[in-house]
Amino acid sequence: MKFAEATRLAVESIWANRLRSFLTLLGVIIGIAAIVATTAVIEGLNKYVAEKLSDLGTGTFTVRRFGLITNRQQFLDAARRNRRLRLEDALAVQDLCTTAKSVAWQVTLKDDVHRGDAQLKSCDVGGVKPEILEIEPFDVADGRVILPFEDERAVPVAFVGHDVVEQLFPDVDPVGKHLRVEGKPVRIVGVAAKKGSFLGFSQDNFVKIPFSLHRKLYGTKRSVRISVQVDDSARMEECMDEVRAILRARHHLRPSDDDDFDMLSAAGINDLWRSLTTAIFSIALFVVGISLVVGGIVIMNIMLVSVIERTREIGVRKAVGARQRDIVQQFLIESTLLSCIGGVFGVALAFAVSRLLAAYTPLPAAFPPWAPPVAFFVCAGIGVFFGISPARRAARLDPIEALRTE
């Protein structure tokens, strides 16, 4: 039997039992849709983290009291072990690190900012050394960034995010206007370009003021975050080792002691994030894979029922010269086609879900272009694997006994 003729017969059989075929495919549809939709969300998150969450510049890393904390015990251990980083630590790195192109620092806390009677709560108020706005680049939408002499003289100026403008200066140009930070009027000299939100958390809710002014307003007890830009990105590891040696010497740590600070780079953040999402995807793949197995078993059962229903047809075909491989081919094509149709519906459903998630939720889902071909091969494999047993059973029917079947 020609392949085209077998395919036509398979389509006719599926179409003749449309409702049964659809119900048979629910497991495959749900399984493929769940896997592809999960992949779309993880793919979108990975891209977003690479582009926005890791806001460090090229060849840049930070030194901070706490690194990436993934559980409560890690936080407790770090809180006991890690000391606050001081301005003196940052100055030592700036003076002694020979492989660093630029060193800057900042300190951040949550506080309310005001303009007249208007108030913006829980704003990120950061005291920055002006060079940090170049190491961790912010696109300027209006005005300018803070200048070095303004930090030297603790000039009351501010560089603000889009949320501050939207909430406190909705109808006016904010540059040159004043807002109050810790009761002190500061003049806005620049506005950052809008970054948007990540998982529902705004990245534009900040006010950056000179580091020296921040110390005057809030004191000197908070830990600073040191940002280091390497003169050559190929020497990143060398520079990190040099900074580690400087800080360990300042903190009088013995060789056997763990670091009492953490160092993070964009590559490190992305590597950790991808390892987490890979673990999540592996678990999801295992759970959703059960649905595909169930779907394959349902297909096998339906094909066995189809063999019983078409026993006489099989007998007639064998009586007029059909070979066993012709019968196997016909039923394998039907089971594979049935499974692949489920894959098409599953991919279409996953595409719709990913678009809806991207449009109406904080999740930055990105539909993977490789999903349709991979889904096709997976479904084809399911169709062949679970269809081979019914196909062989049909091929082994005795034509005389099959013709006697009513």
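Predicted model: local features only at pLDDT ≥ 70, side-chain atom pairs only at ≥ 80, totals over all residues.
Arg83 belongs to the loop between α3 (72-81) and α4 (87-96), whereas Asp260 belongs to the loop between α9 (236-250) and β12 (262-265), so the pair ties together parts that are 177 residues apart in sequence. Asp260 is buried, its relative accessible area being 3%.

A salt bridge also forms between the side chains of Lys110 and Asp124, at an N to O distance of 2.8 Å. Because Lys110 lies in strand β2 (residues 100-115) and Asp124 in strand β3 (residues 118-128), this pair ties together parts that are 14 residues apart in sequence. Lys110 is exposed, at 56% relative accessibility, and Asp124 is partly exposed, at 25%.

Within helix α9, Asp241 and Arg244 are 3 residues apart, a separation of about one helical turn. Their closest N and O atoms lie 3.1 Å apart in a salt bridge. Asp241 is partly exposed, with a relative accessible area of 44%, as is Arg244, with 25%. Through salt bridges that share partners, Asp241, Arg244, Arg248 and Asp259 are joined into one network. The count of salt bridges in the model comes to 10.

In helix α11 (residues 311-319), the buried residues are Thr311, Ile314, Gly315, Arg317 and Lys318. These residues lie on the same side of α11, because they cover an arc of only 165° around the axis. Just after α11, Gly321 adopts a positive phi of about 115°.

Note on methods:
Residues numbered from 1 in each chain as written. Heavy atoms only, no water. Buried < 20%, exposed > 50% of the residue type's maximum accessible area, 1.4 Å probe, protein only. Helix = DSSP H or I, 4+ residues; strand = E, 2+ residues; numbered from the N terminus. Arc of directions from axis to C-beta. Salt bridge = Lys/Arg side-chain N within 4 Å of Asp/Glu carboxyl O.
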